[in-house]
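Please look at the sequence and the structure first, and then follow the topics below.

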Amino acid sequence: MPRFILPILLISFLSACGGGSDNPDIDGDGIANGVDAFPRDAKESMDTDGDGVGDNSDAFPADETETLDSDLDGVGDNTDAFPNDKDETLDLDGDGVGNNSDAFPDDENETLDSDGDGVGDNADEFPFDFDNDGIPDLTDMFPQDPNESIDSDGDGVGDNSDAFPNDKNQTTDSNCDGVGDNTDVEAIPDNTPGAGIGLGDGVGDAYHAGVVKTGLNEGETLSANGSTNVMVHVVEESCDNFALLSPQKIYFTSTCAQLGLAEFIPAMVIANGTAASVYHDMGCGKADGAADSVVAYLGVDDGSGNVIAMATARAEINVAPGQVGVIKFMQAVPSIIALKGLGTENTPSSSIVAFQVVNEFGNYVSERTVHFELDYEYGNAELSSESAITDQEGKVSVVLKAGYATGTVKIKASINILDANGDLDYTVTTMSAPIRMATSLGTQSNFTLSADVLNPAAWEWNDSLVNITARLGDHYQNSVVDGTPVYFRATGGLIEASCLTENGICSVKWYSRNPRPADGIVTIVAQARGQGGYQDSNGNGLYDLGESFTAYGESFEDANGNGLFDEGTAYQPDLDIDDDGANDFSWDAAAYQVNVASSGDSSVATTYFHEEIIDSNQNGILDPTPANKYQGVNCSESAEADGHCAEQIDLVKTLRLQLSAAKGTHIEGPFLWDANLDRYDTSSVATCVDASGSGGAKSIAWRVSDSVQRRNHLAFGSKVSLVTEDVSILSDNVGEIQSISPVAVLPVWEAGNNLTGDDKRYNYLVSRGHLFSAKILRPELFSAITGMGTIALKVATVDDTELLSNTLDVDLLGARVTLVSNLEGDVTSINLEENTQDFTLMIKNACGAGLEAGTLVITTSNGIISNPGASGSAGDAVVGTPDGINDNTLNATVDSSGAPTVVTFTLSKDSEISGTVLNALNISLSVPDPEFGFDHVTNIADYAVKD
């Protein structure tokens, strides 16, 4: 080992052991010394609060005043009055007992309240007197009863309640004759009160029979929402009106309580001589104050669940009126109503609009007059009354009667508040929620029809389901009333006849069945009763003279989709797209409907074709031109007098389904992109394409339809993919087939497209079916020994049948160059020492195609080129450049015919002997780029030349 390495190793060893001052991390915790707050402590590196204790050991790393929490209660030891007690942290009165355990946390002289009477044990004369009767529990024979403490005769009844406190065999004397009930045959049983028991105010000589004592003085009035005590004594009238101490059920009620305008808390009391409750006002005062009659009664169950009053007492409480707080809108039933004259059982033409009046305390306000009015006059809508009086729950209602116009209105409810002189002080008001006056009459512009699948697998399959949904709105884009009928018909399959709208929407089911239209296109027609549109210039919801409107003529079932009403004509007779005499479709031109077998074969079911009218005015003929009158129900009187609103119309919407084949498909191609046509060339099927580095990316396509007979879109759910080997896909449009609408029939389509011949046929077939395309290129790495890849299109039908297109070979290597000498055959280098040689240069790819259009350039730096010639895609071969500067250059034009590129020339040695010159003969292709104004030059081959 060289000696200069030893000191380095020694320094490294010392640094690793912390023995040197140059160690950047002394404690080895991964934190550099310069940023490590504890460079010699591997367990610590940060001190966020700067208190000298590392964050890992600091219970409060962000609090410089705390580091420990011994009892783990979340409070630091410095501020915790009990640092070792997790249940205590504070001692506000400083008595050494924590607040959580101190019954008096703010009183340093008290900590306990043993009997729970609110008086601390230190100040409580009897700290163990739980019933607070002044007798300590140790000597109180009834520690839980404040009315008793002694039982002289030991019979379990306290002396205060014991009629015979010194006789353990007697406790009561119901008839006050001095003989205990246990031995007195004339005693009245305590549990069956009779005429001897009374309710009133006071006992003994102070007893006033039938009087309920209230907390109000004579002449006082209970404030609104106020409360007062009510009390009654239960006495034995036969025993000098002394208190009846046996438990009795006393009930409290009043006139207002029965109406929900007052309450007693509690309403029933089990009393031992005295029964007390609290009377609380809940709106009893009404508008002008009221006197409420209070009744207390002793009730006994008759054994059948009924309570019989055996004794009663009464009082009267004057209750002040409460101020009206608010009027609350409760509900409008229903909230959507039909226009006048268009109501049904489910959607009437009127709504009950309810309000509730409460006072400032939230209690009901009864017997108040509430006034009603519409927020604005609209479409002749009206109210059933101008005012009404609230009931006992403060409720009031009014009926809204719909007019002739769709729209929304609100009901304004108000109460006039008068001052002491009876004059208007202020008014309390509220508005209802909007109530919609709707109609079952939609408008054409707000009528739509949709299907969840437009291309079902339904040609040879029965019972394929399509959900057809209609959406119907009125003049204001609101949904029509629930229950509005929409009617349906179809030119093939089976469709439900009608549905009823809910929120303006309803749906029916269509099933695939025979017969089917010959071209596989089913027309579905929906109709609903409606009205025309108009411009409501003045916003009154009615059509007025002078306002613009749209009138509609009668419509028809356009079964063949040509926009014309056809009677007794052929269904779809035009089968020749480009008018070249050859039919492009193979259905029976005379057939209207066919029966299709499960195999897909069809036979004519109906030949006669006749479309049907939607006869709104029921006159039996089609009236396509309407009268110049508004068609509806919401006319002003003057407009109606002028002949408007005399009729409604039938709204009509049409939807077309294409019944696609479920089992088969028709695949054409592949086709190559043709720049001259600016589309794919479908005149010939491609078998090979050059997508090599020299050939570049290529665009290819397949034309696909459900069948060769109808050429419709593939069925919903079909899957289209590419099958490749050693081919890179740069882009494509394959995938799962979604819902696709059928293209317009040929006469309609061609009227909107100014195309003829091949272009017309190409575009219509692409629109009617699919054009799946892909842009391809050779991959960076490939496994094909032959230098050829492949690509094909695969269609998986909805019945899981997989069908492949023709396979397209893809050249991965591109142009192949051969240079043939008349003396030496194929050459890889050229030797001119002995003889001049004639050469034939051939360039073509594996598909047999030559170079793309441009200029082939052959130059040499060793030898002389002469006798130029060209064939195949090459032509106009000349030696020398136009400026005459370089005579050793051969130029030949290359066209786009796709033929092999062939050039001939003679090469002889020049006057200067140079030996072997590498890459002396160069072959390249120059292609102009008109967009950017320069040529793209691609080197094709180089040859060494020896002379």
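This is a predicted model: local features need pLDDT of at least 70, side-chain atom pairs count only at pLDDT 80 or more; totals for chains, interfaces and linings use all residues.

How many contacts beyond four places in sequence does the model have for residues 188-194, over which pLDDT stays under 50? The model has 11 such contacts for residues 188-194.

**Confidence**

- The protein chain has a mean pLDDT of 88, and 95% of its residues reach 70 or more.
- Over residues 1-20, pLDDT stays under 50; for this stretch the model has 6 contacts beyond four places in sequence.
- Residues 188-194 also have pLDDT under 50 throughout.

**The second largest cavity**

- A search of the whole structure identifies 3 cavities of 30 Å³ or more.
- The second largest cavity holds about 60 Å³ of space.
- Its lining consists of Asp 519, Gln 572, Asp 574, Phe 585, Trp 587, Val 745, Leu 746, Pro 747, Tyr 764 and Arg 768.
- Two or more residues of this lining come from each of helix H4 (746-751) and helix H5 (757-768).
- By residue class, the lining of the second largest cavity comprises 6 nonpolar, 1 polar and 3 charged residues.

**Aromatic pairs**

- A pair of aromatic rings is described by two quantities, the distance of the centres and the angle of the planes.
- The whole structure contains 19 aromatic pairs.
- One of them joins Trp 673 and Tyr 680 in an edge-to-face arrangement, at 5.0 Å centre to centre and with 85° between the planes.
- Within this pair, Trp 673 is partly exposed because its relative accessible area is 41%, whereas Tyr 680 is buried because its relative accessible area is 9%.
- The rings of Trp 749 and Tyr 764 form a tilted pair, because their planes stand at 55°; the ring centres are 4.9 Å apart.
- Trp 749 belongs to helix H4 and Tyr 764 to helix H5, so this pair ties together parts that are 15 residues apart in sequence.
- Trp 749 and Tyr 764 are both buried.

**An aromatic cluster**

- Which residues form one aromatic cluster? The members are Tyr 534, Tyr 543, Phe 549 and Tyr 630.

Methods: Residues are numbered from 1 along each chain as its sequence is written. Side-chain values use heavy atoms; hydrogens and water are left out. pLDDT is the predictor's confidence in each residue, from 0 to 100. Contact means heavy atoms within 4.5 Å. On a 1 Å grid over the protein atoms alone, a cavity is a set of points where a 1.4 Å probe fits but cannot get out, and a pocket is an open set with protein on both sides within 12 Å along at least five of seven lines; lining residues have an atom within 4 Å of a point. Grid points are joined across faces, edges and corners, and a volume is the space filled by probe spheres set on the points. Helices (H or I, at least four residues) and strands (E, at least two) are DSSP runs, numbered from the N terminus. Ala, Val, Leu, Ile, Met, Phe, Trp, Tyr, Cys and Pro count as nonpolar, Asp, Glu, Lys and Arg as charged, and the others, Gly among them, as polar. Rings of Phe, Tyr and Trp (its six-membered ring) pair if their centres lie within 6.5 Å; planes under 30 degrees apart count as stacked, over 60 as edge-to-face and the rest as tilted. Buried means under 20% relative accessible area, exposed over 50%, partly exposed in between (1.4 Å probe, protein chains only).
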